Amino acid sequence: MAPLPGAELVQRPLQLYRYLLRCCRQLPTKGMQEHYKHAVRQSFRVHSDEDNPERIQQIIKRAIEDADWIMNKYKKQN
């Protein structure tokens, strides 16, 4: 299950970027939100030159799985 509705619609890197930033807004504290927003931005910059469509889809899939794990981790703590 994805952290937010719409994960199944993410097909392009910009869609992923927006989706992950929306996920960050769901985190419980401002500090966590800022930490993960920074991580999302950094990762987006690191992978910005990727042009292999297969690799892009792998990155998108993994990023959504990681977001799911993070969201579940913080939901269990609260």
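A helix here is a DSSP run of H or I at least four residues long, with numbering from the N terminus. I jot that down before anything else, and also that this is a predicted model.

**Entry: the largest pocket**

I went to the largest pocket and asked which helix gives the most to its lining. That is α3, with eight residues. I also noted that α1 (13-24), α2 and α3 (53-77) each supply at least two residues of the lining. The volume comes out at about 500 Å³. I found 23 residues around the largest pocket, and L16, L20, V40, S43 and A63 are the ones that lie nearest its centre. What kinds of residue make up the lining? I get 18 nonpolar, three polar and two charged.

**Entry: the largest nonpolar core**

Next I looked up the largest nonpolar core, which has 20 residues. L16, Y19, L20 and I64 touch the most other members. Here too I see α1, α2 and α3 each supplying at least two residues. The largest share of this core is eight residues, and it comes from α3. I spotted L16 and L20 in my pocket notes as well, among the residues nearest the centre.

**Entry: aromatic pairs**

How many aromatic pairs does the structure hold? I count two. In one of them, the ring centres of Y17 and F44 are 4.7 Å apart and the planes sit at 40 degrees, so I log the pair as tilted. Y17 is in helix α1 and F44 is in helix α2, so this pair ties together parts that are 27 residues apart in sequence.

Then I turned to Y36 and Y74. Their ring centres are 6.2 Å apart with the planes at 70 degrees, so this pair is edge-to-face. Since Y36 lies in helix α2 and Y74 in helix α3, the pair ties together parts 38 residues apart in sequence. Buried or exposed, I wondered about Y36? Y36 is buried, at a relative accessible area of 17%, and Y74 is buried too, at 12%.

**Entry: two residues of α2**

K37 has its place in helix α2 (residues 30-46). Its relative accessible area is 17%, and buried means under 20%, so I put K37 down as buried. Leaving out residues up to four places away in sequence, K37 touches L21 and C24.

Q33 is also found in helix α2. At 13% relative accessibility I count Q33 as buried. With residues up to four places away in sequence left out, Q33 touches C24, R25 and L27.

Methods: Residues are numbered from 1 along each chain as its sequence is written. This is a predicted model: local features need pLDDT of at least 70, side-chain atom pairs count only at pLDDT 80 or more; totals for chains, interfaces and linings use all residues. Side-chain values use heavy atoms; hydrogens and water are left out. Buried means under 20% relative accessible area, exposed over 50%, partly exposed in between (1.4 Å probe, protein chains only). Contact means heavy atoms within 4.5 Å. On a 1 Å grid over the protein atoms alone, a cavity is a set of points where a 1.4 Å probe fits but cannot get out, and a pocket is an open set with protein on both sides within 12 Å along at least five of seven lines; lining residues have an atom within 4 Å of a point. Grid points are joined across faces, edges and corners, and a volume is the space filled by probe spheres set on the points. Ala, Val, Leu, Ile, Met, Phe, Trp, Tyr, Cys and Pro count as nonpolar, Asp, Glu, Lys and Arg as charged, and the others, Gly among them, as polar. A nonpolar core is a set of buried Ala, Val, Leu, Ile, Met, Phe, Trp, Tyr and Cys residues joined through side-chain atoms within 4.5 Å. Rings of Phe, Tyr and Trp (its six-membered ring) pair if their centres lie within 6.5 Å; planes under 30 degrees apart count as stacked, over 60 as edge-to-face and the rest as tilted.
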